[in-house]
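Hello,

Here is the structure I promised to pass on. Please open it next to this message. My notes come after it.

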Amino acid sequence: YGLYDYLRNSIQQLDLPQRKAALIVPAFETLHYRLTFPKSKAELLSMLDMGSLYTFRYHVWPKGHAPTDYAKWRTATVPYRVAWQPDFEPYVVVRRDCPRYDQRFVGFGWNKVSHIMELDAQEYEMLVLPNAFMIHMPHAPSFDISKFRLSAGYRGCLQTLREEFHQDLSRRYGAAALKYLTAERSL
C-alpha cells in the first residue's frame with residue numbers, strides 16, 4: 001500500500017534524475033495462496049516474525065537477495081547503500097536511461113543478475129529503500145524454469161550466454177569488469 005507514492009517521493013528526495021542510483025525494493029514471499037497484505041512495514045515485520053512471510057527465495061536461492069541485508073532493513077529509517085555481490089538480482093527502480101536488460105537472457109535465468117551486474121559496472125549506487133517492500137505470491141512454475149531444470153542443453157546454452165556476457169562486459173568496462181569474472185569462477 002502506498003508504494004507508488006513512496007517511490008515517487010524517494011525519487012525526488014534522493015535526486016534520482018540527477019544521479020546514477022538503483023533504488024532497491026526489498027522482496028518477500030509467502031507460501032500461501034491467500035494473504036492479507038500488510039499495510040505497513042511494522043505489519044510485514046510481524047508477519048515475518050510469525051512465519052507467514054519469508055525473505056524472498058531464502059530457501060532456494062538466498063544469494064539472489066542476500067546483499068539487500070534484511071537484518072539492516074528491519075530497523076533502517078533512511079536508504080542505505082549495499083554493494084554488488086555475485087548473483088544479486090533485486091527488484092529495482094532506475095532512471096529510464098539506464099542500461100537495458102540484455103536480450104540474450106530471455107526465458108529463465110540471468111536476466112536480473114546480468115542487469116544488476118551492468119548497473120554496477122556503470123557505477124550505479126545500490127540504495128535499499130527502508131519503507132518499501134513487495135511480496136511474491138506463489139504460482140505454478142513457468143515453462144522456462146521447467147525447461148531449465150530438465151534440459152542440460154538449456155543449461156549449457158545459458159552458460160554460454162553468461163560467458164559471452166562476461167566477455168562483453170570486459171570489452172566495455174575493461175579491468176573494472178574483472179571482478180565479475182573472478183566472482184563467477186570462485187562460485
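Predicted model: local features only at pLDDT ≥ 70, side-chain atom pairs only at ≥ 80, totals over all residues.

Residues are numbered from 1 along each chain as its sequence is written, and side-chain values use heavy atoms, with hydrogens and water left out.

Helix H6

Helices (H or I, at least four residues) and strands (E, at least two) are DSSP runs, numbered from the N terminus. H6 covers residues 152-173, which is 22 residues.

Which residues of H6 are buried? They are Tyr 154, Leu 158, Arg 162, Phe 165, His 166, Asp 168 and Leu 169. Seen down the axis of H6, the buried residues fall within an arc of 165°, so they line one face of the helix. The arc is that of the directions from the helix axis to the C-beta atoms. Buried means under 20% relative accessible area, exposed over 50%, and partly exposed in between (1.4 Å probe, protein chains only). On the other side of H6, Ala 152, Cys 157 and Arg 171 are exposed.

Now the two ends. At the start of H6, a side-chain oxygen of Ser 151 comes to within 3.3 Å of the backbone nitrogen of Gly 153. Just after H6, Gly 174 has a positive phi of about 60°.

Helix H4

H4 takes in residues 111-121. It is mostly covered, with 10 of its 11 residues buried. Among them are Lys 112, Glu 118 and Asp 120, as well as Val 113, Ile 116 and Leu 119. His 115 sits in H4. It is buried, at a relative accessible area of 5%. Between His 115 and Phe 148 there are 20 Å in space, C-alpha to C-alpha, and the two are 33 residues apart in sequence. After H4 comes Glu 123, with a positive phi near 65°.

How H4 and H6 pack

H4 and H6 pack at an angle of about 15°, and their axes are 11 Å apart. That makes H4 roughly parallel to H6. Angles under 35 degrees count as roughly parallel, over 145 as roughly antiparallel, 65 to 115 as roughly perpendicular and the rest as oblique. The axes are lines fitted to C-alpha atoms, for helices over the stretch in contact, and angles run from 0 to 180 degrees between N-to-C directions. H4 passes H6 in a right-handed crossing. Right-handed means that the near helix is turned clockwise from the far one by less than a right angle; anticlockwise is left-handed.

Positive phi in loops

Most residues other than glycine have a negative phi. Asp 15 has a positive one, near 55°. It lies in the loop between helix H1 (3-13) and strand S1 (21-25). Asp 15 is partly exposed, at 40% relative accessible area. Arg 57 also has a positive phi, near 60°. Its loop runs between strand S3 (54-55) and helix H3 (70-75). Arg 57 is partly exposed, at 26% relative accessibility.

Best wishes

Notes:
Expected span 1.5 Å × (residues − 1). Polar contact = N/O pair within 3.5 Å; in protein donor to acceptor, adjacent residues only side chain to side chain.
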